Amino acid sequence: MNKGFVRILLGLLFYGVLSTISAQSVETTMVNTGKRPVVLVTNKETPEKGINKLRLKCDVIFPENHPATRDEILELAGQVDGIMWVGHMLLNGEVLDRGGSRLKAISTMSAGMDYVDIDEFRKRKFPLGYTPIVLNDAVADSAIGLMIAAGRRFHEGRLAIDQSQWTGGPQWMLGQDIKGSTVGIIGMGGIGQTIARRLKGFEIGQLLYTGRRPKPEAEALGAKMVPQAELLQESDYIFIAVPLTNETHHLINESALAKMKRTAVLVNVARGDIVDQKALVAALKNGTIFAAGLDVTTPEPLPADDELLSLPNAVVIPHLGSATVQTRDNMAEIAALNVLAGIAGTPMFSPYPY
Ligand code: DGY
């Protein structure tokens, strides 16, 4: 069965029967030792939907501090059977070592796993879950929002009002058209495909994408796979929707930016480190590209005095991609089900494919 198909099946399963089937299967498969397992949830603000799922079968503990310190998480790791790892703190062999033989399963509450030492989990065959798919819609929505905001100069326009510079006129504050444009998506995974589906309503001219191999799902959406250089040169709007790895670190650097059109709009909803931010600031300042819409930056949180924030043609939001009530509830529920399944020694609802 190919991976795409498996993901669609998982998605259908989630939307249709998540609460009933999953809770029941966990109920029936968890080994009854007479003692309730204990799960550490590393962030006190984790949605109740997930916590309640855990409480069906486990006792739940939280770190005292908010945000939690690494030290207290490491300390608590040795006292629990499972961990719901909420946030982007480094998750590595040290956590597994401190968890010792009692710790049976960990699930993150994220799709991106760049802060996880996957090799360590693979080596130990340690059950690891994550929460992709459910956030595709919310992240794609924010990508489209950034595309419009950056292409149509929303931030710059607002600054003009604030600074009493609202002059108006037929040549004032003109932006880039979306209708008829060429759009390039770097990374045609679930989020990239969801962005592509959203774009259908905008009557764009052409959709390009890059990837290791052609994706039938992308071709079905009318997208054409091209080499990266071609995508950079041809696109009016460029979306970054690829995971951060050693290969994608600073994928968009000075030389990549130089290939783009001077009218290009770059949107990043993946991870800040995929873009060389220094090079991007320079490109936005000297007109190498037109504008950028960024949900992710380096570092996060971005200090208020960062130069990026002083640029009128940079629309920057604080990593809000998956930040909707329903999406975060769903992510918390899936992470909880992963942990419960892992503790029970059964396959996770959404295992990380290491
Ligand atoms: C993810 O899940 O990776 C999103 O970036 C939110 O953290």
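In which sense do strand E7 and E8 pair, and over how many bridges? Select residues 206-210, which are strand E7, and show E8 with them: the two pair in the parallel sense over 3 bridges. For one of the bridge partners, pick Leu-208 and look across to Lys-224 in E8. Bear in mind as you go that this is a predicted model.

Now widen the selection to the whole sheet. It is an open one of 7 strands, in the order E8-E7-E6-E9-E10-E11-E12, and the pairing is parallel. Colour 223-225 (strand E8) and 314-316 (strand E12) next: these two stand at the edges, and each has a single partner strand, so one side of each is left without a neighbour in the sheet. Looking along the sheet, you will find neighbouring strands turned by 20° against each other on average, direction ignored.

Next stop, the ligand. Select Ser-110, Ala-111, Gly-112, Leu-135, Gly-321 and Ser-322, which surround the ligand. Colour this shell by residue class and you get 2 nonpolar residues, 4 polar and no charged.

The C-alpha trace spans about 75 × 45 × 35 Å along its principal axes. Colour by burial, and buried residues make up 43% of the chain. If you draw contacts between residues at least 6 apart in sequence, 69% of them join residues at least 24 apart.

Key
Residues are numbered from 1 along each chain as its sequence is written. This is a predicted model: local features need pLDDT of at least 70, side-chain atom pairs count only at pLDDT 80 or more; totals for chains, interfaces and linings use all residues. A residue is near a molecule or strand if its C-beta atom, placed from the backbone, lies within 6 Å of it. Ala, Val, Leu, Ile, Met, Phe, Trp, Tyr, Cys and Pro count as nonpolar, Asp, Glu, Lys and Arg as charged, and the others, Gly among them, as polar. Two strands pair if DSSP finds at least two bridges between them. Helices (H or I, at least four residues) and strands (E, at least two) are DSSP runs, numbered from the N terminus. Axes are lines fitted to C-alpha atoms, for helices over the stretch in contact, and angles run from 0 to 180 degrees between N-to-C directions. A residue is buried if 20 or more other C-beta atoms lie within 10 Å of its own, exposed if 12 or fewer, and partly exposed in between; C-beta atoms are placed from the backbone. Two residues are in contact if their C-beta atoms, placed from the backbone, lie within 7 Å.
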